[in-house]
Amino acid sequence: MLVTLEGLDGSGKTTVWEALRDVYPDATFTTEPTSGETGSWYGEAVYRSIQDEDADPLAELFLYTADHADHLTRVIEPALERGELVISDRYSDSRYAYQGATLAEDGRITRPLEYVVGIHTAFSIEPDLTIYLDVDPETAAARAGATNKFERVEYLSKVRDNYERLIERYPNRFVRIDATQPPEVVLERVEDVLESRLDAHRKG
Ligand SMILES: Nc1ncnc2c1ncn2[C@@H]1O[C@H](COP(=O)(O)OP(=O)(O)OP(=O)(O)O)[C@@H](O)[C@H]1O
Ligand SMILES: Cc1cn([C@H]2C[C@H](O)[C@@H](COP(=O)(O)O)O2)c(=O)[nH]c1=O
């Protein structure tokens, strides 16, 4: 089963992802952009682009997508074939929401969110469950510390609007959790949601 954690920068995805390691020691834990144990040079290229204020938005989309394609074949598909639970800190919805917003500002692509979704349909795998940690852009930017070009309130507002569109589009896949609550409350809620979905998955 493929579970993804999504939300604005600073919404608490990594805090939850780290805590879940103790709860599900046999699961595969991974991230997008790829880094650490499941990282690759594609992920490193993405992080270079994130640091470049003048990166071309389309080139950046394709870097993220290249990292995703490699991540699928190298990490996610083999783990799913072994029957493992896979938990990814960010996945394709980050591209739909973030690059959807960047490309809207860029102006070269009409209907950018649909465009980004469209380039994934031929090869990607849809998650079984996406946990959306919902925070307002002000809280997100303050928590994230504005360390990169994405962590700004105005931009994060557009990203949040895109996440809302995705939640509307995929209501069965997304579960929204209020991530302005204390970390232990957020984690408890995530664990409840995950356990009930795992139960349903086991029962087929
Ligand atoms: N529920 C919470 N309430 C208050 N602070 C939190 C909460 N969850 C996480 N934080 C704090 O917010 C900061 C960002 O958390 P974290 O790195 O988990 O977010 P993230 O969503 O992974 O961010 P990014 O996408 O930028 O990597 C950290 O300092 C963390 O301790
Ligand atoms: C996967 C992915 C990520 N982003 C953005 C979101 C963050 O600002 C950075 C890095 O992510 P991290 O969780 O802080 O390490 O990249 C993006 O714009 N598009 C994507 O597909």
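Two residues are said to be in contact when heavy atoms of the two lie within 4.5 Å. The structure examined here is a predicted model, in which local features need pLDDT of at least 70, side-chain atom pairs count only at pLDDT 80 or more, and totals for chains, interfaces and linings use all residues. Residues are numbered from 1 along each chain as its sequence is written, chains are lettered from A and ligands numbered from 1 in the order in which they are written, and side-chain values use heavy atoms, with hydrogens and water left out.

Leaving aside neighbours within four places in sequence, Ser11 is in contact with Leu133, Val135, Arg143 and Ala179. Ser11 is found in the loop between strand 1 (2–7) and helix 1 (13–23). Helices (H or I, at least four residues) and strands (E, at least two) are DSSP runs, numbered from the N terminus. With a relative accessible area of 3%, Ser11 is buried. On this scale, buried means under 20% relative accessible area, exposed means over 50%, and partly exposed lies in between (1.4 Å probe, protein chains only).

Ala140, which lies in helix 6 (residues 137–144), is likewise buried, at 0% relative accessibility. Not counting residues up to four places away in sequence, Ala140 touches Leu8, Asp9, Gly10, Val135 and Leu156. Between the C-alpha atoms of Ala140 and Asp67, which are 73 residues apart along the chain, the separation is 25 Å.

A residue is near a molecule or strand if one of its heavy atoms lies within 4 Å of it. Around ligand 1 there are 16 residues, of which Gly10, Lys13, Thr14, Thr15 and Gln181 come nearest. The shell divides into five nonpolar, six polar and five charged residues. In this classification Ala, Val, Leu, Ile, Met, Phe, Trp, Tyr, Cys and Pro count as nonpolar, Asp, Glu, Lys and Arg as charged, and the others, Gly among them, as polar. Helix 1 and helix 8 (183–202) each supply at least two residues of this shell, and helix 1 gives the most, with three residues.

Polar contacts to ligand 1 were also identified. A polar contact is a pair of N or O atoms within 3.5 Å; within protein, one must be able to donate a hydrogen and the other to accept it, and residues adjacent in sequence count only if both atoms are side-chain atoms. A polar side-chain atom of Thr15 lies 2.5 Å from an oxygen atom of ligand 1. For Ser11, a backbone N or O atom lies 3.2 Å from an oxygen atom of ligand 1. In the case of Asp9, an N or O atom of the side chain is 3.4 Å from an oxygen atom of ligand 1. The protein covers 65% of the 630 Å² of accessible area that ligand 1 has on its own. Accessible areas come from the Shrake-Rupley method with a 1.4 Å probe; for residues, only the protein chains shown count as cover.

Ligand 2 is surrounded by 13 residues, the closest being Asp9, Tyr47, Arg90, Arg95 and Gln99. The side chain of Arg95 places an N or O atom 2.9 Å from an oxygen atom of ligand 2. A polar side-chain atom of Arg90 lies 3.0 Å from an oxygen atom of ligand 2, and for Tyr64 the corresponding distance is 3.0 Å. Taken alone, ligand 2 exposes 480 Å², of which the protein buries 89%.

A search of the whole structure finds 19 salt bridges. A salt bridge is a side-chain nitrogen of Lys or Arg within 4 Å of a carboxyl oxygen of Asp or Glu. One of them joins the side chains of Glu105 and Lys158 (3.1 Å, N to O). This pair links distant parts of the chain, with Glu105 in helix 4 (residues 92–106) and Lys158 in helix 7 (residues 153–169), 53 residues apart. Glu105 is partly exposed at 48% relative accessibility, and Lys158 is partly exposed at 31%.

A salt bridge also connects Arg108 with Asp106 (2.8 Å, N to O). Arg108 is partly exposed, with a relative accessible area of 47%, and Asp106 counts as partly exposed at 28%. In helix 8, the side chains of Arg202 and Asp199 meet in a salt bridge (3.1 Å, N to O). Because Arg202 and Asp199 are three residues apart in this helix, they are separated by about one helical turn. Arg202 is exposed, at 57% relative accessibility, whereas Asp199 is partly exposed, at 35%. Elsewhere, salt bridges that share partners join Asp134, Arg160, Glu164 and Arg176 into one network.
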